[in-house]
Amino acid sequence: NIRRRVVISFRNAIDFEQQNNDVEAYRNYLEGLALVAATLQQDAESSWTLGNPSLTAKERRSLLGFAKQSVDRLMLLLDKQDNGCCNVFKETLQVTDNEAAKQNYETPVRRISTPSPQRGAVGREERPFIAGYEESPIARMQQENKLLIARYSTRLQAASTAAQRQNLQLELERRLTENAAIARQHQEMWEQRRSEVAARCHKAAEMKFQINEKIENGTITEIDFKKQRVYAASLQYEEENPWLNKLKQDFLYQPQDEKMQRDIVTKILLDRIHPLGCLMCQMQYAVLDKVNPIITKHQSLLVKKSNIRYGNENCIDARHKILSSIDQGVCNLSMDDAEDFGIERKVSHGASEEDIAQEEKKAFQRHFHNIAVDIKQGIKILETIIIALFEQLNSEKGRSIVTEILHQMYFAPIKPYLIILLRLITQEEEMELEAVMLAKQDESDLVPVEDGVKRQVCAMLKHITSLHSPCQMLDGLVAALKILASITDENNHYKSLGADDLLPRLMTIVTACGLPSLPAEAMYMENFMPTDRALGEGGYSLTVLQSVMSCLQPHSG
């Protein structure tokens, strides 16, 4: 009779758990445990005091087995409560049209690491644990079954008789079947909740970006659909991850806190499972896929440039082969058919070295232009979605913070590749600047600059070339020119020099710093600096630097 009541309680608990009624399931498991405990206690007292046990050894083991299973299910219910299993994790969202870049959130996510130009592939890392992340009920059931099988394997090895092993195997099979039934029931409810959340977020994104209005007006573009998809997935991710939802609530109470603004944008972009972090990662890999084949094939030009410059015939032949390989097959970035035909005609008729170099430079410039357009468009999409998610950032200061952080994180892994491509474009300027540096280091016609200032500004210029963010590079250049433009008069009063006096001093610094790759660095800053920086101190400082390099390279064009 007692055993029947325990079995009924255990089955009721399983039924409630299948119905996702965890509270009633918890109570029924406890009720079964209480019955087992009371029965075993009564059996122990009758055995010790009267010497007449009320249960057999087999009945005791059976009751203890039910108790053990109840305790295991109670522990799972408690873990479920602690981990917030009412949350659901979104299904895979494909945010780009590039099949090679699409990833499933259930598979290991590639994390961008700082690349080396000589390496053809970027390393991968397993997805780290993230607070609030929840696997599907089926996936949790599979993990639980692995632990269950491991525990029963130990017990099976310790079993002394065939009957005990058979009973343990039957018990294991029953528990695995029960887990599967419960997981299937939860999976259906889990998927239904996911669908409801996804539909609600999709509707909010549709209204946010006015998709229906744009469709009616005929102004809709693929970028609008991409923004809608990523924005909807981001809203869903916030609802399903308590840590991010709490962070957003805290941000609502302190919208002007600059540190919090930076923290929330940084955490979102660092989270490679968040739709925005995943999208940025895919954009970075798309850029690497376009740049890496070009520099892998043609960076040897940077090594052979001196031989090519002095007219070595073997190197000229190699130049012909290199030029003919910059075609439609490289990263799907092709030149016009007419231009391709013109290059082939020049190569076949023995064009001069100067003509080949010019056509080669134009080809690299076209490749870089297409890549730069994609980069700036990608950064603009990310910035728009971030500001749409956090309206408190929709101010001049907030947008500046978003742009600054995006530049820091977006360009870190791809700048080394871009600089090599830019050096292929500016290799003639680089050679002329290097020759000028060697020729003018000991000349007396340069404007003298104080030794302390010269060392400081040279160190700052070298530091600028080690930075990845165009915003930080511009800030460093502005700081360097301010130091160079500040001098003291006979009364030790500081005054600032004008452009006419600043240019000769900067010319002295550039010839002394030994950085022939400055044209490529300047072109990098010019192409990727924010629009508002171009009209401020950053744009002015960059113009001054480019003017100095133009003066030092009279034949570079």
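**A walk through the predicted fold**

Q210 sits in the loop between α5 (162–208) and α6 (211–217). In this predicted model, the phi angle of Q210 comes out near 55°, a positive value in a residue other than glycine.

Of the 557 residues, 46% are buried. Among contacts with a separation of 6 or more, 74% are between residues 24 or more positions apart.

What about the inside? In soluble globular proteins, nonpolar side chains tend to be buried together. Here, the largest nonpolar core takes in 100 residues, and I375 and Y410 are the ones with the most contacts inside it. Helix α14, which spans residues 353–389, gives the most to this core, namely twelve residues. Leaving aside residues up to four places away in sequence, I375 touches V287, Y410, F411, I414, L418 and F528. There is also a second, separate core, made of 16 residues, with V6, V36, L55 and F66 among them.

K290 belongs to helix α10 (residues 275–298). With a relative accessible area of 21%, K290 counts as partly exposed, because buried would require a value under 20%. Along the chain, K290 and F368 are 78 residues apart, yet 9.6 Å is what separates their C-alpha atoms.

The crossing of α21 past α23 is left-handed. On the α21 side, the contact is made by L518, P519, A522, M525 and E526, which meet L542, L545, Q546 and M549 of α23. Sorted by type, the residues of this contact come to seven nonpolar, one polar and one charged.

Key: Residues numbered from 1 in each chain as written. Predicted model: local features only at pLDDT ≥ 70, side-chain atom pairs only at ≥ 80, totals over all residues. Heavy atoms only, no water. Left-handed = near helix turned anticlockwise from the far one by under 90°. Helix = DSSP H or I, 4+ residues; strand = E, 2+ residues; numbered from the N terminus. Contact = heavy atoms within 4.5 Å. Nonpolar A, V, L, I, M, F, W, Y, C, P; charged D, E, K, R; others polar. Core = buried A, V, L, I, M, F, W, Y, C linked by side-chain atoms within 4.5 Å. Buried < 20%, exposed > 50% of the residue type's maximum accessible area, 1.4 Å probe, protein only.
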